[in-house]
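Have the structure open as you read.

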Amino acid sequence: MPLAVRVTDMTFGYKRNKPVLEHINLDVPAGQSLGILGYNGVGKTTLFGVITGLLRPQEGSAAINADVFHSMREVFQLTDSGNLSPTMTIRENLKFRAMLYATHDDPHPLDLQHLDQLPMIQAFELGEHLDKKVKDLSSGLKKRAGIVAGMLFDPRLILLDEPTNAVDPVTRQLLIDLMRQLKADGRTILTITHDLDYCWEVTDRVIILNDRYLIKDCRLADFAGIDDFKRAATLGRGRAHIDFGLGR
């Protein structure tokens, strides 16, 4: 299986001599669903920035394989903002994206006249919200709109940053079902998440970042069950009982 992403001995820091990530090595085969775990502030989102070329490492390299993905049009990254303009409606955002994705061979990559009839729009129940400005949507609807805006253009490499954060249970399950279908279709998926149940259901493999380094790299199939996986994913820091000193 060809590699989708390769990171080789990569070190990155926002300030000189203060690395956020250090000597990271990571190969992601095409078609794999990878979970990226770690406590807040360990550099998970920074890793995405280096992989996509938005950030330049001080040492080493990170790249998306151009032999597998021939254009950045095949890459979708979901951020906290949903990659949407807040002052535009969902419909206007989709129209703008369609203009960006248009090519000589495919000048109309999206049926803008019948958006409300598209299966993805219907599945995420966005039809009645298409003419609302993104800034006026709830956080859950913004996340739905951001996911749909990317998926409508059929990406082959999908990078998700906390996709289940601030979403209701229905949206979360829709996202899980969608990722399962995309994985079965051979898409490559990289997900930054703290949602270990999502990881268990969607990913094939997880890596754990801690204190600048990639410290664990394991396949989900290697765990006897979800409880074993959760113990490994929390680095043994989970505690059954915590004394907060209340009621004294």
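Buried means under 20% relative accessible area. Keep in mind that this is a predicted model.

Leu157 belongs to strand 6, which covers residues 157-161.

Which residues does Leu157 touch, not counting residues up to four places away in sequence? The list is Val5, Ile64, Phe69, Glu74, Val75, Phe76, Thr188 and Leu190. Ile189 is worth a look here too: its C-alpha lies 6.0 Å from that of Leu157, although the two are 32 residues apart in sequence.

## Helix 4 against helix 5

Next, bring up helix 4 (residues 139-151) and helix 5 (residues 169-184), whose axes come within 11 Å and cross at roughly 20°. Angles under 35 degrees count as roughly parallel, so helix 4 and helix 5 are roughly parallel to each other. The crossing of helix 4 past helix 5 is left-handed. On the helix 4 side, Arg144, Ile147 and Met151 make the contact, and helix 5 brings in Thr171, Leu175, Leu178, Met179 and Leu182. Sorted by class, that contact has six nonpolar residues, one polar and one charged.

Leaving aside neighbours within four places in sequence, Leu182 is in contact with Met151, Ile158, Arg187 and Ile189. Arg212 is another matter: 30 residues separate it from Leu182 along the chain, and their C-alpha atoms are 31 Å apart.

## Aromatic pairs

How many aromatic pairs does the count come to? There are three. In one of them, Phe12 and Tyr14 sit edge-to-face, at 4.8 Å centre to centre and with 90° between the planes. As for burial in this pair, Phe12 is buried at 4% relative accessible area, whereas Tyr14, at 54%, is exposed.

Now turn to Phe223 and Phe229. Their ring centres are 5.6 Å apart and their planes stand at 65°, so this pair is edge-to-face as well. Both Phe223 and Phe229 are buried. Ring pairs also bring in Trp200, making a cluster of Trp200, Phe223 and Phe229.

## Helix 1 and what follows

Is helix 1 mostly covered or mostly uncovered? Mostly covered: this helix spans residues 44-51, and seven of its eight residues are buried. Those buried residues are Lys44, Thr46, Leu47, Phe48, Gly49, Val50 and Ile51.

After helix 1 comes Gly53, with a positive phi near 90°. Leu54 sits in the loop that runs between helix 1 and strand 4 (59-64). Is Leu54 buried or exposed? Its relative accessible area is 68%, so Leu54 is exposed. To place Leu54 against another part of the chain, take Leu126: the two are 72 residues apart in sequence, and their C-alpha atoms are 31 Å apart in space.

His23 is not a glycine, yet its phi is positive, at about 50°. His23 is in strand 2, which takes in residues 21-29. With a relative accessible area of 38%, His23 is partly exposed.

The other spot is Glu162, a residue other than glycine with a positive phi near 50°. Where is Glu162 placed? In the loop between strand 6 and helix 5. The relative accessibility of Glu162 is 14%, so Glu162 counts as buried.

Definitions and conventions: Residues numbered from 1 in each chain as written. Predicted model: local features only at pLDDT ≥ 70, side-chain atom pairs only at ≥ 80, totals over all residues. Heavy atoms only, no water. Axes fitted to C-alpha atoms, helices over the stretch in contact; angles between N-to-C directions. Helix = DSSP H or I, 4+ residues; strand = E, 2+ residues; numbered from the N terminus. Parallel < 35°, antiparallel > 145°, perpendicular 65-115°, else oblique. Left-handed = near helix turned anticlockwise from the far one by under 90°. Contact = heavy atoms within 4.5 Å. Nonpolar A, V, L, I, M, F, W, Y, C, P; charged D, E, K, R; others polar. Phe/Tyr/Trp six-rings, centres within 6.5 Å; stacked < 30°, edge-to-face > 60°. Buried < 20%, exposed > 50% of the residue type's maximum accessible area, 1.4 Å probe, protein only.
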